[in-house]
Amino acid sequence: MGGTGMPEWLIREDAGQPVLLALYLRQVLGIRYPDELPNLRGVAPPTDDGARSGQAELEAQWRVLWEMTIEPEMHHSPVPLELVDGYETLLALPADGASELRDAALPHASEALAFAQSAHARYRKDVGSGVSYRAYASAIAEYERQVGRRAHSFELNVQVLPLSQRGLWWVGSLTIAVTDGLRGDVVAFDAAINPIIAELA
């Protein structure tokens, strides 16, 4: 981070349990949006072959959840949120207009919560203290050397996720998703994050 009067950058990295829960529900409920984002590893797809009745409404409600989860500061609910039974404090849906998603989510609570907690714990164990900061600081320093100026101030959220395909995807205006395997590969991650830093800085 820069000092007073200097450009500043803020990068938050996590494997957020609410994000993992939302993606778990996306997969088990057969929701395809966002189309380019791969499925989670170790989560079975829905057993029914055809789309269930009300699938379009279910997907619309999930999209609202996704936006509120991935970038909560930019996507506020116009109505109060209510916690969903079985998800502790990690899943809250609008009190009005989310009944289909609430009903569909209830049977998956214990498996979804266990998955999110396990994936988050694995991320915390793998990342350790201070590693994430160094990875981004070196990428920004390299960018500044290449362009011959300080990086502009910017903000970036990074979700490190156990996705089935290796890569990096924009999932919000300030948020990217990166596979845990790519994040753990220093050389490959540097190559993947450099264009993102160049776009922002």
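Predicted model: local features only at pLDDT ≥ 70, side-chain atom pairs only at ≥ 80, totals over all residues.
Local features need pLDDT of at least 70 and side-chain atom pairs count only at pLDDT 80 or more, while totals for chains, interfaces and linings use all residues. Residues are numbered from 1 along each chain as its sequence is written, and side-chain values use heavy atoms, with hydrogens and water left out.

**Stop one: two helices.** Select residues 17-28 (α1) and 55-70 (α2). Helices here are DSSP runs of H or I with at least four residues, and strands are runs of E with at least two, numbered from the N terminus. The axes, lines fitted to C-alpha atoms over the stretch in contact, lie 9 Å apart at about 160 degrees, on a scale from 0 to 180 degrees between N-to-C directions. Because angles over 145 degrees count as roughly antiparallel, α1 is roughly antiparallel to α2. Now show side chains: in α1, Pro18 and Leu25 are among those that meet α2, where Trp62 and Trp66 are included. Contact means heavy atoms within 4.5 Å.

**Stop two: the sheet.** Four strands form an open, mixed sheet in the order β1-β4-β6-β5; two strands pair if DSSP finds at least two bridges between them. Select 154-161 (β4) and 175-179 (β6): they run parallel, joined by five bridges. Among the bridged residues, Val158 partners Ile176.

**Stop three: Asp85.** Find Asp85 in the loop between β2 (81-83) and β3 (92-94). Is Asp85 buried or exposed? Asp85 is exposed, with a relative accessible area of 62% (buried is under 20%, exposed over 50%, partly exposed in between; 1.4 Å probe, protein chains only). Leaving aside neighbours within four places in sequence, Asp85 touches Leu106 and Ala109.

Definitions and conventions. Parallel < 35°, antiparallel > 145°, perpendicular 65-115°, else oblique.
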